[in-house]
Amino acid sequence: MNRQYRRYDCVGIGVGPANLSLASLLHSRPEITNLFVEKRTTFGWHDGQQLPDTKLQVSIFKDLVSMADPTSRFSFLSYLREKGRIYHFVNAQFDLAPRQEFRNYLEWACQLNENVVFGENVLAVDFDDHFAIRTDRRTITANNISIGVGHQPWTPPIARKHLGQSQFHVSEYVDRSTGLAGKRVCVVGGGQSGAEAFLDLISRPENERPRRLSWVSRRRNFYPIDDSPFTNDLYMPGFSDYFVTLPPETREAVNREHLLTSDGISQETLRAIYQRIYVRRFVEGAVDQVALFPNREVVGIEWGAGCWELKLANSNHPDVLGQVDVDVVVWATGQRPTPLSFLESIAHRLERAGDEYRIDDDFAVRWDGPSDRSIFLQNAALQQRGLADKNLSLVAWRSQRIIDRLAGIRTDKPQPSFLEWSAKQSRNDGEVA
Ligand SMILES: Cc1cc2nc3c(=O)[nH]c(=O)nc-3n(C[C@H](O)[C@H](O)[C@H](O)COP(=O)(O)OP(=O)(O)OC[C@H]3O[C@@H](n4cnc5c(N)ncnc54)[C@H](O)[C@@H]3O)c2cc1C
């Protein structure tokens, strides 16, 4: 049972990995009173995409806490040990942890923490000396708030009016992708989510498999994620702190050039898809079952002769419009930041940075309110903090920064990169000036 305070030091809005990391690290700090509210009635983490054999895309050390406090009882190792499976996990020799196991770990961290509550939707946040957080059940007061409401599914405008049983976003895949035997199905989107849906469909037993399966991507090919060592330097605290010092145009270019370090497809998934296609086509002789359309954008969709007609534009051949006829479309077209409409009454007091709220070094929004009243913003500053902002890599470090601000200290231990990102001049003797 969580203890009720008249006014909390920190109230978290939304319980995904970002705020759950903060809640977990705060658990051992009872002097900072806190409460985290989540609108879902029970815990979930991308449950509509928990397919067999899907993996976490980062090292398991990048759990809720370990990068900031490896001794925390909320670590993944602690979860394994408490569940009696720590040796088994090691023996299994996973390259990357099963996604479902990570989800179960997150749920366990919620259950362990009496300061995390479910079934409360935050409707509005007002400010008058302190924050008043109005949920659909009550009003909670706090000196600081941490917003971690994540991203929500996004489909292109041409798709929106058609969404339903025969066209749906991949976030609903588990529930909606039944009864597809003998149908023509098209997956739109060349990232990891699209790849996983495609792999699932092509892997089904013959009596459950679609008759024809197409895969469309705007990218020029089905590209892999870059998970190599130097690339992972982009997902270190030092790079995040460097990135924020760059001019906005440079930051935008860096994010654009490195998109595949976050949004590409895992090598394992690509290999499995290619091998499955090989077997279907050459071993089983199903020559017409699969069609791959890279470098295509869906520019129109209409209900035609008993099927959906997808119009495809190819940037190499702008004068030719392709068409695919299908029964079902899976839109794997990504996620966009969840709108912060509950901030409406104070939004005019918050500084903007392009499409985002401007945050300071501690992830607090710059505003005209008192300096001891902060609005921390998690996973909503991609343009200011780079691609790592929406990834799990920095959740523990970012949470620690927030806690340090609440405690009025700075505990960051520098973790210098092998790479010299800044514009320091190299002297002749090789030393950096
Ligand atoms: C399928 C999938 C797999 C991913 N796998 C990885 C991976 O392996 N590695 C990696 O680094 N990244 C991964 N990501 C990206 C990212 O790490 C996750 O999306 C992560 O869940 C983001 O965490 P979050 O806490 O910011 O947001 P979310 O997980 O989206 O959580 C936000 C929560 O806020 C709640 N909420 C929203 N509005 C309100 C409100 N008004 N009141 C109360 N609660 C509210 C929502 O219900 C939700 O539970 C993945 C993304 C997807 C889509």
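The following questions and answers explain how several terms apply to this predicted model.

In this predicted model, local features need pLDDT of at least 70 and side-chain atom pairs count only at pLDDT 80 or more, while totals for chains, interfaces and linings use all residues. Residues are numbered from 1 along each chain as its sequence is written, and side-chain values use heavy atoms, with hydrogens and water left out.

Q: Why is Cys186 said to be in no disulfide?
A: A disulfide is a pair of cysteine sulfur atoms within 2.5 Å. The nearest cysteine sulfur to that of Cys186 belongs to Cys307 and is 12 Å away. That distance is too far for a bond, and the structure holds zero disulfides.

Q: Why is Cys186 called buried?
A: Buried means under 20% relative accessible area, exposed means over 50%, and partly exposed lies in between (1.4 Å probe, protein chains only). Cys186 has 0% relative accessibility, so it counts as buried. Cys307, with a relative accessible area of 4%, is buried as well.

Q: What makes the pair Arg401 and Asp241 a salt bridge?
A: A salt bridge is a side-chain nitrogen of Lys or Arg within 4 Å of a carboxyl oxygen of Asp or Glu. The closest N and O atoms of Arg401 and Asp241 are 2.7 Å apart, and the pair therefore meets the rule. By this rule the count comes to 31 salt bridges.

Q: Which parts of the chain does the pair Arg401 and Asp241 link?
A: Arg401 lies in helix α13 (residues 395-407) and Asp241 in helix α8 (residues 237-243), 160 residues apart. Helices here are DSSP runs of H or I with at least four residues, and strands are runs of E with at least two, numbered from the N terminus.

Q: Why is Asp241 called partly exposed, and what is Arg401 called?
A: Asp241 has 26% relative accessibility, so it counts as partly exposed. Arg401 has a relative accessible area of 4% and is buried.
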